[in-house]
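Trainee: I am new to this structure and would like a close look at one part of it, the salt bridges. Could you walk me through them slowly, and then show me how they sit in the rest of the chain?

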Amino acid sequence: METYKMYIGGEWVDAASGATYSVINPTTEEVFAEVAKGDKTDVDEAVKAAQGALPTWSATTQNERTNILNQMAEAMRNKVPEIAVMDVIDLGTPKGMAFGMASGCAPQLEWSGQAARALMGEHIPSSGLPNTLFWLRREPVGVCALIVPWNGPLNMAVMKASQA
């Protein structure tokens, strides 16, 4: 049986409390995995790690961030069968639907990267200063908390995180 940890600060870690919970296949009612059961302490550590990573992430160009999203898309595209099977086992999702949802993750990552690239910078004429342009630059501004539903967690996580 697999035991899964949380990814915090670039490392796979157990819950600070050491607690886990059993993941049950709804079709067979058998436990197929144990997962770290995070609590407030773990959330605080994750937020602290994300805040620590923000200066480095903010210093990347939009092009670099788009390339990262494209690399993630390619990695997910190569894992569609594994991702779909996990959805079937974990959630009881019908197989065809699970493959459809897993297949939709890579295009979502690519779309988000391209949409962000299209918004890389705008020149806005000044209404009060002749011969003056303002340049608008979008950049990461802080840590985001993303809450996802139980019945499509990967799709929602990809949709939200890829745009954050």
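**A close look at the salt bridges**

Mentor: Happy to! The count comes to five salt bridges, a salt bridge being a side-chain nitrogen of Lys or Arg within 4 Å of a carboxyl oxygen of Asp or Glu. Before we go in, please keep in mind that this is a predicted model, in which local features need pLDDT of at least 70 and side-chain atom pairs count only at pLDDT 80 or more, while totals for chains, interfaces and linings use all residues. Residues are numbered from 1 along each chain as its sequence is written, and side-chain values use heavy atoms, with hydrogens and water left out.

Let us start with Asp44 and Lys40, whose side chains meet in a salt bridge at 2.8 Å, N to O. Both residues lie in helix H1 (residues 40-59), four residues apart, about one turn of the helix. Helices here are DSSP runs of H or I with at least four residues, strands are runs of E with at least two, and both are numbered from the N terminus. How open are the two partners? Asp44 is partly exposed, with a relative accessible area of 38%, whereas Lys40 is exposed at 61%. For these words, buried means under 20% relative accessible area, exposed means over 50%, and partly exposed lies in between (1.4 Å probe, protein chains only).

Now move on to helix H2 (residues 62-77), which holds both Glu74 and Arg77, three residues apart, about one turn of the helix. Their side chains meet in a salt bridge at 3.6 Å, N to O. Glu74 counts as partly exposed at 40% relative accessibility, and Arg77 is partly exposed too, with 35%.

Next come Glu82 and Lys79, a salt bridge with the closest N and O atoms 3.7 Å apart. Glu82 is partly exposed, with a relative accessible area of 48%, and Lys79 counts as partly exposed at 41%. Salt bridges that share partners also join Glu74, Arg77 and Glu110 into one network.

Now for the wider setting. The chain has five helices and seven strands, and along the sequence they follow the pattern β-β-β-β-β-α-α-α-α-β-β-α. Its C-alpha trace spans about 70 × 40 × 25 Å along the principal axes. Of the 164 residues, 23% count as buried.

As for charges in general, the mean positions of the 12 positive and 18 negative ones are 8 Å apart. Lys and Arg count as positive and Asp and Glu as negative, without His and the chain ends, and each charge is placed at NZ of Lys, CZ of Arg, CG of Asp or CD of Glu.

Asn131 lies in the loop between strand S6 (121-125) and strand S7 (133-137), and is exposed with a relative accessible area of 85%.
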